[in-house]
Amino acid sequence: MKQFSIKTTTLTPVMLSGGPPAHNLIESLDFIPGNSIRGLMAERYLQVIKDSSPSDENFKKLFLSERTRFGFATINGALPIPASARTCKYEGGFTKEESHGVVDWIISSPNENRLCPKCSGPLDYFEGQWHPTKAKKAVVKRRLILRTAIDACRNSASAGRLYSNKVIEEGQSFFSMIEVEDADAANILENLIAKPFTAAIGTGRSRGQGWVEVRKAACPESALNWGEAKKRYNKFKALDVNSLVVTFLSDAIFSDDYLRDLSAPSIYHLKSLGINPNEWVSEPHSGFASVRTVFGFDGCPLFLPRIPRLAIKAGSVFAFKPKNDSASVSVPSDTGLGWTGENNREGYGLAVLWHPFHLAPEDGKWI
Ligand SMILES: [Zn+2]
């Protein structure tokens, strides 16, 4: 399997709508979903390769199979802050930002005195994205653009039709990973990104929105050292946390046997991470999670809106208890980082077992 790191820099304001298709107040997502990256690469393929078409074998391998995964692009390669993180209500933020620091609740017992470690004030949610190597919160600059509809008869602003768009500002770089399992397809993708190129993503393109520059570039957070899952599991165990802790690094989609969307995975959905589902209780015993509805639109040849799906938001954390407390469990021998759930080709379902953040939220080195 080959991995490529892609840098997408916004050249104009970009609107990646996360809400229902029609609304007069639209806020852009603060990341670029994998399906936008997949779409712009598919367009690049059809533009660059002579006499190519979506029915080519290589096109199918790259863009239509589950064997190529286009990850979500985040600002300077930032990661989602786990939903179990809390910070001081009055001076919130990491210690390196001269704030009162961040604590994690997945390993603390509910009976513990849950107050700010510095000022003993109350704690609050701590959401968003962060840069592990700097131990600082990541910020995506967005601004509000207002526009009115034009009245066709009067050629002036149409009364009562004002649209507010909160867009991603220009001049910001987002990094994502593309994983290609097929060797031939990987070579083709490598050629497509050999030179930087411009593309358009999101909505409002007829008004000049959505232009980005795409190039191959190493992710600033690629020095991240996850280490072996086994080592992290032992550290959790040393703190008396004998649970399987799974943290989602991108949004994830799960459904049950009747195809109903789920707001939490069962242990059987996590089999792909290298665990043995029979050793753990099937439902999580605790979770810090939120969900969002994913809307979308399929281009050629369907030209139809997608059925809205419920996704577990990036940063959600779930813990599963072992069936037998005293028996030893099998822990994957690799990093414990992998894909779960549905729609992996659009970057959904990237998860890690025993995320080191829960042990030391302030220490980005994780060694
Ligand atoms: Zn405080």
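I take buried to mean under 20% relative accessible area, exposed over 50%, and partly exposed in between, with a 1.4 Å probe and protein chains only. I am working on a predicted model, in which local features need pLDDT of at least 70 and side-chain atom pairs count only at pLDDT 80 or more, while totals for chains, interfaces and linings use all residues. Residues are numbered from 1 along each chain as its sequence is written, and side-chain values use heavy atoms, with hydrogens and water left out.

**Entry: salt bridges**

I searched the whole structure for salt bridges, meaning a side-chain nitrogen of Lys or Arg within 4 Å of a carboxyl oxygen of Asp or Glu, and the search finds 16. I looked up Asp251 and Arg292, whose side chains meet in a salt bridge at 2.6 Å, N to O. This pair links distant parts of the chain, 41 residues apart, with Asp251 in the loop between S16 and strand S17 (286–288) and Arg292 in strand S18 (residues 291–294). Helices (H or I, at least four residues) and strands (E, at least two) are DSSP runs here, numbered from the N terminus. Asp251 is buried because its relative accessible area is 3%, and Arg292, at 14%, is buried as well.

I then turned to Arg306 and Glu346, which form a salt bridge with their closest N and O atoms 2.9 Å apart. The two residues are 40 apart and again link distant parts of the chain, Arg306 lying in the loop between strand S20 (304–305) and strand S21 (309–312), and Glu346 in the loop between strand S23 (337–339) and strand S24 (350–353). Arg306 has 27% relative accessibility and so counts as partly exposed, whereas Glu346, at 2%, counts as buried. I also noted that Arg67, Arg69, Glu179 and Glu181 are joined into one network by salt bridges that share partners.

**Entry: Thr87**

I found Thr87 in strand S6 (residues 85–88), where its relative accessibility of 4% makes it buried. For contacts I count heavy atoms within 4.5 Å; leaving out residues up to four places away in sequence, Thr87 touches Gly92, Gly93, Gly101, Val102, Pro122, Leu123, Asp124, Tyr125 and Phe126. A polar atom of the Thr87 side chain lies 2.9 Å from the backbone nitrogen of Gly93, and one lies 2.8 Å from the backbone oxygen of Gly101. I also checked Gly121, which is 34 residues from Thr87 in sequence and 9.8 Å away in space, C-alpha to C-alpha.

**Entry: Thr9**

I placed Thr9 in strand S1 (residues 2–10), and it counts as buried because its relative accessibility is 14%. The side chains of Thr9 and Ser173 are joined by a polar contact of 3.1 Å. A polar contact is a pair of N or O atoms within 3.5 Å; within protein, one must be able to donate a hydrogen and the other to accept it, and residues adjacent in sequence count only if both atoms are side-chain atoms. Beyond four places in sequence, Thr9 touches Gly171, Gln172, Ser173, Trp211, Val212 and Glu213.

**Entry: nonpolar cores**

I looked next for nonpolar cores, each a set of buried Ala, Val, Leu, Ile, Met, Phe, Trp, Tyr and Cys residues joined through side-chain atoms within 4.5 Å. The largest has 34 residues, of which Leu40, Met41, Leu62, Phe63, Ile178 and Val180 touch the most other members. Two or more residues are given to this core by each of S1, helix H1 (34–48), H2, strand S13 (173–180), helix H3 (183–192), strand S14 (197–200) and strand S15 (211–216). Another core, of 31 residues, lies apart from it and has Cys116, Ile267, Trp280 and Val331 among its members.

**Entry: loops and backbone**

I found Asp240 in the loop between helix H4 (229–238) and strand S16 (244–248). Asp240 is not a glycine, yet has a positive phi of about 70°, and its relative accessible area of 74% makes it exposed. Ser120, in the loop between strand S7 (102–104) and strand S8 (123–125), also has a positive phi, near 60°. Most residues other than glycine have a negative phi.

Glu66 is partly exposed because its relative accessible area is 42%, and beyond four places in sequence Glu66 touches Asn343, Asn344 and Arg345.
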